[in-house]
Amino acid sequence: MNMAVVGMIAGMALGFAGYFGGFGAFLLVAALGAVGFVVGRFLEGDLEPGDLFRSRDHRRR
């Protein structure tokens with residue numbers, strides 16, 4: 001699926017959540033979307049678990 005289409009679907013979901021559920025629902029949908037994005041990147045192999053917990057100054061040896 002094209003990334004523009006994915007972005008459009010995410011924006012529509014956030015819009016519906018904000019309109020029908022209020023600001024709390026908007027934040028919940030946004031947070032769950034971010035978690036789903038990170039898990040998806042991890043499952044595709046684009047992201048390593050250490051990338052989330054390693055400090056920026058850490059140099060690979």
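Author: We will go through the fold, the aromatic rings and the surface in turn. Keep in mind that this is a predicted model.

Reader: How many helices and strands are there in the chain?

Author: The chain has 2 helices and 0 strands. Start with helix H1, which covers residues 3-44.

Reader: How far apart are the end C-alpha atoms of H1, and what would a straight helix reach?

Author: The general idea is to set the end-to-end distance against 1.5 Å a residue. H1 has 42 residues, and a straight helix would reach 62 Å. Here the ends are only 15 Å apart.

Reader: Where does H1 bend?

Author: Look at Gly21. H1 bends there by about 145°.

Reader: Now the rings. How many aromatic pairs does a search of the whole structure find?

Author: It finds 3 aromatic pairs. Take Phe16 and Phe20. Their ring centres are 6.0 Å apart and their planes meet at 10°, so this pair is stacked. Planes under 30 degrees apart count as stacked.

Reader: Why do residues three or four places apart point the same way in an α-helix?

Author: An α-helix has 3.6 residues a turn, so such residues point the same way. In this structure, Phe16 and Phe20 both lie in H1, 4 residues apart. That is about one turn of the helix.

Reader: What about the rings of Phe23 and Phe26?

Author: Their centres are 6.0 Å apart and their planes are at 20°, so this pair is stacked too. Phe23 and Phe26 are 3 residues apart in H1, about one helical turn. Phe23 is exposed, with a relative accessible area of 59%. Phe26 is partly exposed, at 30%.

Reader: Which residues do ring pairs link into a cluster?

Author: Phe16, Tyr19 and Phe20. These three also belong to a nonpolar patch on the surface.

Reader: What else is in that patch?

Author: Its other members include Met1, Val5, Ile9 and Met12. Together the patch residues have about 1,200 Å² of accessible area. Met8 is one of them. Met8 is found in H1 and is partly exposed, with a relative accessible area of 48%.

Reader: Last, how do I read the chain as a whole?

Author: Check burial, then surface. Of the 61 residues, 3% count as buried. The accessible surface comes to about 5,400 Å². Carbon and sulfur atoms account for 66% of that surface.

Methods: Residues are numbered from 1 along each chain as its sequence is written. This is a predicted model: local features need pLDDT of at least 70, side-chain atom pairs count only at pLDDT 80 or more; totals for chains, interfaces and linings use all residues. Side-chain values use heavy atoms; hydrogens and water are left out. Rings of Phe, Tyr and Trp (its six-membered ring) pair if their centres lie within 6.5 Å; planes under 30 degrees apart count as stacked, over 60 as edge-to-face and the rest as tilted. Buried means under 20% relative accessible area, exposed over 50%, partly exposed in between (1.4 Å probe, protein chains only). Patches are made of residues with over 30% relative accessible area and no salt bridge: like charges are joined within 9 Å, nonpolar side chains (Val, Leu, Ile, Met, Phe, Trp, Tyr) within 5 Å. Accessible areas come from the Shrake-Rupley method with a 1.4 Å probe; for residues, only the protein chains shown count as cover. A salt bridge is a side-chain nitrogen of Lys or Arg within 4 Å of a carboxyl oxygen of Asp or Glu. The expected span of a helix is 1.5 Å times one less than its number of residues. The bend at a residue is the angle between axes fitted to the seven residues ending there and the seven starting there.
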